[in-house]
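Please have the sequence and the coordinates open while I speak.

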Amino acid sequence: MGNCRIKLILYILITLSVLFTDTTFARTHYHKKQNRNHNQKGSNRGGEIGSETPTIDPPPPPSDSGTVPSDPADPTNPTEPNSGPCVFDVRSYGAVGDGSTDDKEAFQSAWKAACAVESAVLLVPSDGNFMITATTFSGPCKPGLVFQIDGVLQPPGGPDCWPETDSKQQWLLFNQVEELTVKGSGTIEGNGEDWWNLPCKPHKGPHGSTLSGPCDSPALLRFFMSCNLILRDLRIENSPKFHVKFDNCEGVHIDALSINSPALSPNTDGIHIENTKSVGIYNSKISNGDDCISIGTGCSDVDIENVTCGPSHGISIGSLGVHNSQACVANITVRNTVIRHSDNGVRIKTWQGGTGSVTGLTFDTIYMEDVRNCIIIDQYYCLSKSCMNQSTAVYVSDVVYNNIRGTYNVRSPPIHFACSDSMPCTNITMSEVELLPFEGELVDDPFCWNAYGAQQTLTIPPITCLQDGEPETVVERASFGC
């Protein structure tokens with residue numbers, strides 16, 4: 001036992017001696033070389049330390065951690081694993097953010113750098129007001145790119161300031177990108193007022209007057225041929241035309257947006273989708289001068305929930321079938337939604353002469369307040385008095401209205417089903433529909449034309465004009481090409 005104890009004590013003393021010697025050498029090495037690049041032992045490049053005075057007990061040498069979050073990232077020298085995302089601040093690329101300088105070039109440079117790095121963040125900082133002219137952000141990019149808008153981002157202040165060489169169809173175009181998130185605590189300001197007043201298209205003014213409006217005006221945000229997109233938390237306002245538009249996209253998730261423009265601003269749809277599949281729109285507030293959400297042809301599997309609209313033109317499927325075109329829309333659900341002070345509530349609108357079909361629509365648990373045309377199917381949609389009656393129409397079928405309650409404006413019947421002479425609407429189901437006048441006397445004559453379906457519960461006001469069963473001739477759905 002005595003020998004074992006002596007051996008143990010000797011082992012401990014030897015170990016302590018080695019550790020003390022290694023520590024001393026490491027400290028002497030640091031004072032002697034003072035080299036920032038610790039991977040190049042023995043080098044002694046003059047001028048790196050400058051006039052620094054060695055201290056007796058200096059802090060540990062700075063580590064080479066790659067790109068720091070506030071600096072432009074170098075794709076050839078990415079950050080180490082688990083060090084957080086690379087952040088590309090547009091100021092680091094020359095953006096001024098004074099509200100008047102065109103920062104387009106800086107944004108394009110920041111996008112190019114961020115696009116090349118996985119899970120990168122392009123940052124629009126909160127302390128700036130950034131004006132950029134019309135810009136296209138193209139992919140493909142590395143997955144996980146975040147466009148973080150914490151400041152104010154805006155286009156030029158109207159058509160007179162718009163460069164002649166820039167497109168007037170959209171302001172910011174995201175083209176062929178995948179796994180992109182656009183979010184932030186900031187504001188996208190559209191500066192749309194001067195566009196609304198262009199002498200191209202009449203729109204309604206106060207007290208029934210007619211004002212001029214826009215013709216060729218840009219959408220604020222447009223996403224084209226892109227997939228797996230997230231748009232959330234932003235405030236978007238005063239767009240010259242559509243606020244947000246999705247074309248030929250798949251896999252879109254929209255959450256917690258605030259979209260605002262005046263009630264009389266023309267063609268300022270809040271969110272417009274066309275030829276786009278697998279869309280979720282949630283927890284958002286939209287007030288504008290046109291449809292708060294509009295769904296065009298080629299859309300399917302769209303889920304809308306917990307959205308507040310108004311003032312607006314409501315939530316619209318269409319218009320569809322314009323210029324004798326084919327339109328296909330399927331599997332749309334709108335639920336737990338509020339629509340206030342709007343020209344329409346939930347609407348399906350198609351042009352005569354079109355083909356295709358609209359099927360599988362569900363409107364469930366919707367509250368309406370002071371809404372004209374609360375529930376409407378209009379297969380005679382037309383923007384002028386020159387439209388001619390035509391023999392074909394987009395077929396509308398399998399539409400469910402459940403738990404629709406609230407108040408309507410008595411200028412129009414709250415329920416309006418105007419279906420095609422040649423292509424009746426079929427399989428309309430109504431239950432728990434209760435609509436009362438916001439002011440004035442009860443209007444108890446909903447309008448129906450060639451509309452077939454069933455009331456599962458008593459409707460207020462009663463809708464006795466809805467025909468039971470199906471029409472004598474029902475065209476096979478395969479013929480619609482959808």
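Predicted model: local features only at pLDDT ≥ 70, side-chain atom pairs only at ≥ 80, totals over all residues.

**A walk through the model**

Let me begin with T407, which lies in strand 28, that is, residues 395–408, where strands (E, at least two residues) and helices (H or I, at least four residues) are DSSP runs numbered from the N terminus. Residues are numbered from 1 along each chain as its sequence is written, and side-chain values use heavy atoms, with hydrogens and water left out.

Is T407 buried or exposed? At 17% relative accessibility, T407 counts as buried, since buried here means under 20% relative accessible area, exposed means over 50%, and partly exposed is what falls in between, with a 1.4 Å probe and protein chains only. If we leave aside the neighbours within four places in sequence, T407 is in contact, meaning heavy atoms within 4.5 Å, with M368, E369, D370, V371, C374, L436, P437 and F438. One of those partners, C374, is itself buried, with a relative accessible area of 0%.

Now for the overall picture. The protein has three helices and 32 strands, and buried residues make up 46% of its 482 residues. Of the contacts with a separation of 6 or more, 72% are between residues 24 or more positions apart.

Next, the annotated position. H313 is found in the loop between strand 22 (299–309) and strand 23 (315–320), and H313 is partly exposed, with a relative accessible area of 22%. Beyond four places in sequence, the residues in contact with H313 are G289, D290, D291, D343, N344 and R347. Which atom of G289 lies 3.4 Å from a polar atom of the H313 side chain? That is the backbone oxygen of G289.

Let me turn to the cysteines. A disulfide is a covalent bond between the sulfur atoms of two cysteines, and the criterion applied is a pair of cysteine sulfur atoms within 2.5 Å. A search of the whole structure finds six disulfides, among them the one formed by C292 and C309, with sulfur atoms 2.0 Å apart. This link is right-handed, with 65° about the S-S bond. The pair joins distant parts of the chain, with C292 in the loop between strand 20 (277–287) and strand 21 (293–295) and C309 in strand 22, 17 residues apart. C292 is buried at a relative accessible area of 0%, and C309 likewise counts as buried at 0%.

C328 and C482 form another disulfide, with their sulfur atoms 1.9 Å apart. This pair also links distant parts of the chain, C328 being in strand 24 (residues 326–340) and C482 in the segment after strand 32 (451–455), 154 residues apart. The torsion about the S-S bond of C328 and C482 is about -75°, so the disulfide is left-handed. C482 is exposed, with a relative accessible area of 51%.

A disulfide also joins C419 to C425, at 2.0 Å from S to S; the link is left-handed, with -105° about the S-S bond, and both C419 and C425 are buried. C299, by contrast, is in no disulfide, the nearest cysteine sulfur being that of C249, 9.9 Å away. C299 is buried too, with a relative accessible area of 1%.

I will end with the aromatic rings. Rings of Phe, Tyr and Trp (its six-membered ring) pair if their centres lie within 6.5 Å, and planes under 30 degrees apart count as stacked, over 60 as edge-to-face and the rest as tilted. The whole structure holds 13 aromatic pairs. One of them, W111 with F147, is tilted, at 6.4 Å centre to centre and 40° between the planes. W111 is in helix 2 (residues 104–115) and F147 in strand 6 (residues 145–149), 36 residues apart. Both count as buried, W111 at 5% relative accessibility and F147 at 1%. Ring pairs link W111, F137, F147, F174, F223 and F246 into a cluster.

Key:
Polar contact = N/O pair within 3.5 Å; in protein donor to acceptor, adjacent residues only side chain to side chain.
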